[in-house]
Amino acid sequence: MHDALISEAAEHFGTPLYVYDADVLRGTYRRLRGLLHPRVDVFYSLKANPNVSVSALLRAEGAGAEVCSPAELRTALDAGVAPDDIIYLGPAKDAPQLRACVRAGIHAVVCESFDELTLLEGIADEAGRTVNAMLRINPAQRAPGSALTMGGKPRQFGIDESEVAGAGGFLRGLRHVRVMGLHAYLGSRFLDHEAIIRNTREVLRLADELAAVLGRPLETVDFGGGFGVAYFDNETDLDEEALASGLDEAVGPYAAAHPQCRLITELGRYLVADAGLYVIRAVSVKDSLGETFVVCDGGTNHHMHAVGIGQLVKRNFPLRLLSPYEHDAPRHLYNVTGPLCTPTDLLAKKISLPRVRPGDLLAIERSGAYGPTASPVHFLGFGAPAEVMVLNGSPQLVRSRDTVEDLLSRQRLVEPVPTPPT
Ligand SMILES: *Cc1c(COP(=O)(O)O)cnc(C)c1O
C-alpha cells in the first residue's frame, strides 16, 4: 500500500484510523494455505480482529471461524461463514450462548468444563437436537516458547488432562451431546517453530488418549496455533517453511491414520497483524526537559498493544512517518503519545524519525490484530476509531468512528433530588 493512498484515506475518513490492506490479508492467507498440510483447515480467531469485512475476506479465501461471544458468532455468520465451519469457545458460556450455538447449528461447541457439558446436555434435550461438542483440554505439559503460556498451569480454560481418563463414563453417558473432538490451545505469540511443532505432537497424542477414553475415533481435532509475528527489534518472524515442514511431519502420520478426522489450526494474529496500520495525526510537537513529544490524536486508547506486550522494558512497534520527507533528512528521537490524560499513553519511546511537524501523519505497522477491540476505547470518551479496508486500490469504510451520540446514548441522567443541608 502506497503512503499516498494511506494519506488519501486519512484525508477522506479522518484520523485516528485503522487501515487494512486486503491484498496483504489475502497474501498471508494464501501463503500459509500453500504451505500447510492439505488436511489442515484454517479457522480464523475473530478475537484478533472482529471486523465483519476482515472475516468475510478470510472466509472468501476458505477460512472457517473460531468465535467466543454472541457478537463474534453473529459476525461470522454475517460474513458468510458456513455454520459447519464455525466453532464456539470460551470459559463462561451460559445458557443463552449455548442456545445460540445450537440454533445456528455450528460444527461444534468447544466445552471447557463438565458443568458446561451438563448445561449443554439440557439445552440440546430441550431443543430436541443432538449437539456436537469438542473437549478443550488443558495439557499437563507446560508449553515453552510462548509469550502467554496455557498448558501445565492452573487455568480457567478447558478440562485438565488428568481428569480425562476418569471421565469416560460421564462422557459416554451424555445422550444429547456427542463428544466428537478435541481442542487444545497452548499459547499465543509463538515465534519459535519448534515449540509449535512440539505442541502439535502433544495435542495429537492427547487426541489418541481421548479417543481411547471415548472408545471411538475423533471426528475433529483442533491443535491450536498461536503463530506469532515479530513486533519488536529483538524479535524475528517465524520461519514459515520450517514450521510447515515440521507440522507436516507431525500431522501427516496422524492424518493418514485417521482419514475421517477433520484437523484444524486456529489463528488470529498471524492472519491479520501484518495487514493493518494504525494511522494518527500529530497535533503538537513539543519539548519537555530535554525530550521531544509528538502528541497525536490517537494513542493507546485504540492501540493498547503498542504499550509493549508484557515487556518490562518499553519496546516500540514499527512506526513510520507518512508525510513526505527527504530520504537523507536528519533524524530525531521522539516520544509518540496520544490524547489520554495519563503518562502511560505512550505509543513509542525515543523512536528515531525524520522531523515531525504538527499535522503530519504517522503509521504504526503490523497493527491488524488486537487493535481497537483489545484497547480501552471508552477511556476519556474518544470512542472507537474509523476502520478502512483498501480493496483493489480503493479505500472503503468498514467501520465508522464512534460519535459523541453513540458514546452517550446508553447513559441515563437521573436528576439529583435536592436534600436539605445536614
Ligand atoms: C486468543 C486465542 C486465539 C487466537 O490467538 P492468536 O495468538 O491471535 O492466534 C486462538 N484460540 C484461543 C483459544 C485463544 O484464546
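A nonpolar core is a set of buried Ala, Val, Leu, Ile, Met, Phe, Trp, Tyr and Cys residues joined through side-chain atoms within 4.5 Å. In this predicted model, the largest such core has 106 residues. Val-221, Val-336 and Leu-362 are the residues with the most contacts inside this core. Helix 9, residues 193–214, supplies the largest share of the core, eleven residues. Both domain 1 (82–267) and domain 2 (274–408) contribute to this core, with at least three residues drawn from each.

Leu-362 shows what such a position looks like in detail. Leaving aside residues up to four places away in sequence, Leu-362 touches a set of residues that includes Tyr-278, Val-279, Ile-280, Val-294 and Cys-296. Leu-319, Arg-320, Leu-321 and Leu-322 are also among the residues Leu-362 touches, as are Val-336, Leu-353 and Val-356.

Within helix 4 (residues 70–78), the buried residues are Glu-72, Leu-73, Thr-75 and Ala-76. Viewed down the helix axis, these buried residues fall within an arc of 160 degrees, so they line one face of helix 4. An α-helix has 3.6 residues a turn, so residues three or four places apart point the same way. The face turned away from the buried side carries the exposed residues Ala-71, Arg-74 and Asp-78.

The partners of the buried residues of helix 4 are helix 3 (52–61), strand 3 (64–67), strand 4 (86–88) and helix 5 (95–104). After helix 4 comes Gly-80, which has a positive phi, near 95 degrees.

Terms used: Residues are numbered from 1 along each chain as its sequence is written. This is a predicted model: local features need pLDDT of at least 70, side-chain atom pairs count only at pLDDT 80 or more; totals for chains, interfaces and linings use all residues. Side-chain values use heavy atoms; hydrogens and water are left out. Buried means under 20% relative accessible area, exposed over 50%, partly exposed in between (1.4 Å probe, protein chains only). Helices (H or I, at least four residues) and strands (E, at least two) are DSSP runs, numbered from the N terminus. The arc is that of the directions from the helix axis to the C-beta atoms. Contact means heavy atoms within 4.5 Å. Domain bounds come from an automatic or database domain assignment.
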